[in-house]
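Colleague: I have a new structure open, and I would like to learn how to read it. Could we take the features one by one?

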Amino acid sequence: MSISAQQRGIARCTECGKLSHLPELGHDATAACPRCNTALNFRKPQSLQRSWAYTIAATALMIPANILPILTVISFGQGDPDTIMSGVVKLWVADLQAIAVIVFIASIAVPVLKLVILVILMLVVQCQLPLSRQQCTILYRFIHFIGRWSMLDLFMISILVTLVHLGNIATVESGPAATAFAAVVVLTLFAANSFDPRLIWDLDND
Amino acid sequence: MAEPSHIPHEFTACPDCDLLLQTAQSDHTLEGRCPRCKAVLWHAAKHTDTVSFAAAISGLILFYPAMTLPILKLKMVGQHGSNSLLGGIYRMWLEQEQILAVLIMLCSLLAPLLHLLLTAVVCFSVRFNHYPRHFPLWIKYKCLMQNWNMLEVYAMGVIVAYVKMMHDGEVTVSAGTYCLSALLLCVILCSQYFHEEQAWQHWEKNKPA
């Protein structure tokens with residue numbers, strides 16, 4: 001039987017990783033890490049509530065991010081606004097399959113996967129679903145690693161808007177979906193950061 | 001208020017599953033993993049802060065050219081266009097996308113700069129055994145900035161933009177790309193070789209009373 005640090009009254013500092021005996025705290029009382037002075041808790045405070053809030057907000061913003069136009073390429077006065085998906089399709093049709101796959105993974109697959117995995121992890125903790133703790137932890141590490149790659153589309157927009165700024169010949173304009181998509185990326189990053197994977201393992205300790 | 005008390009160094013808890021573990025000092029060979037969830041608990045510290053210090057200084061030298069020199073150049077029907085990292089942020093600001101401009105500035109300019117700067121300062125402090133009062137804050141902000149540093153994603157964005165414009169005009173790679181690649185290498189070395197636990201232990205041993 002493995003013992004968690006919390007069962008021994010030991011808290012690990014989230015910033016510097018130092019272990020300290022955390023005494024029973026009264027209401028409103030706080031403790032600080034003796035090494036780096038960060039607030040000390042056994043688990044991230046309000047982890048689930050915060051993760052749910054960020055996840056729900058991100059899910060809502062997925063709708064404008066995918067429906068509204070994100071990029072308009074105008075060459076010689078002509079050009080239609082592109083949504084994220086129609087941009088991917090255009091790349092695929094133009095025989096740029098490799099780039100189409102990269103953009104699809106970064107701007108559609110990653111945000112959707114992240115939200116689905118976050119919901120699964122939070123349901124596992126809340127409804128005590130009997131999923132493998134090990135696999136849940138791997139999923140948690142996966143969303144942490146992959147989250148930043150959604151920024152790809154935004155960086156690409158910034159590069160294209162500046163590079164293709166040729167007056168009447170060709171210009172690239174960003175659309176309203178870009179801001180919504182940026183919000184989705186940032187909110188999912190926050191959601192993943194506020195989730196505490198130790199809650200999954202706590203289910204076994206009760 | 002009750003004060004948290006110290007735990008001896010031979011104990012550690014897994015950051016991902018909170019398993020309490022005992023670690024022998026001789027175990028610090030290469031890399032330690034949690035037996036339950038396989039999280040990395042520690043990794044070897046071999047002349048590490050020398051490499052990250054050097055990488056941070058090189059990165060800071062490369063920083064200005066990487067931000068301001070043109071990364072890609074485009075030639076279309078006799079017209080020329082080019083972009084730099086800083087120019088991209090400025091353009092987004094002018095195009096009424098201020099929120100995006102700030103986010104891109106944070107992830108591709110501010111975070112890498114502060115990450116390199118704070119790593120250099122922390123390594124300098126450890127090396128010369130001089131610890132200012134706000135040393136813990138510096139390490140904390142360094143970790144925060146490391147998380148927001150997305151230069152590698154930006155580099156991928158450059159590749160995607162290059163391939164995307166290849167058919168419409170003549171795209172050429174310019175001086176900024178080489179500086180950006182070198183800067184990226186420095187940032188990666190800087191974060192791979194920095195040993196956080198070591199810096200914390202130095203601080204704990206030598207902190208001013």
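Modeller: Start with one pair of strands. Strand β5 (residues 71-75) of chain A pairs with β6(A) in the antiparallel sense, over two bridges. Bear in mind that this is a predicted model.

Colleague: Which residue of β6(A) is the bridge partner of A:T72?

Modeller: The partner is A:P81.

Colleague: How do strands hold on to each other in general?

Modeller: Strands of a sheet pair through backbone hydrogen bonds, either parallel or antiparallel. Here, three strands of chain A form an open sheet, in the order β6-β5-β7. Their pairing is antiparallel.

Colleague: Why is one side of β6 and of β7 in chain A left without a neighbour in the sheet?

Modeller: β6 (81-82) and β7 (170-174) of chain A stand at the edges, and each has a single partner strand, so one side of each has no neighbour in the sheet.

Colleague: How confident is the predictor about chain A?

Modeller: Look at pLDDT. Its mean over chain A is 87, and 99% of the residues reach 70 or more. Within the chain, confidence is highest in helix α1 (residues 47-67), at a mean of 94. It is lowest in strand β2 (residues 19-21), at 83.

Colleague: How many residues does each chain bring to the contact between A and B?

Modeller: Chain A brings 57 residues and chain B brings 55. On the side of chain A that touches chain B, α5(A) gives the largest share, 10 residues. That side divides into 37 nonpolar, 14 polar and six charged residues.

Colleague: Now chain B. How is it built?

Modeller: Count its elements: seven helices and eight strands. Then look at its domains. Domain 1 covers 1-44 and domain 2 covers 46-206. Their centres, taken over C-alpha atoms, are 31 Å apart. Of the 209 residues in chain B, 39% are buried.

Colleague: How should I read a single helix?

Modeller: An α-helix has 3.6 residues a turn, so residues three or four places apart point the same way. Take helix α4 (residues 135-148) of chain B. This helix has 14 residues and reaches 20 Å from its first C-alpha to its last, close to the 20 Å expected.

Colleague: Which residues of α4(B) are buried?

Modeller: They are B:F135, B:P136, B:W138, B:I139, B:K142 and B:M145.

Colleague: What covers the buried residues of α4(B)?

Modeller: The cover includes α3 (98-127) and α7 (196-206) of chain B.

Terms used:
Residues numbered from 1 in each chain as written. Chains lettered and ligands numbered in written order. Predicted model: local features only at pLDDT ≥ 70, side-chain atom pairs only at ≥ 80, totals over all residues. Pairing = 2+ DSSP bridges. Helix = DSSP H or I, 4+ residues; strand = E, 2+ residues; numbered from the N terminus. pLDDT = per-residue confidence, 0-100. Contact = placed C-beta atoms within 7 Å. Nonpolar A, V, L, I, M, F, W, Y, C, P; charged D, E, K, R; others polar. Domains from an automatic or database assignment. Buried ≥ 20, exposed ≤ 12 C-beta atoms within 10 Å, placed from the backbone. Expected span 1.5 Å × (residues − 1).
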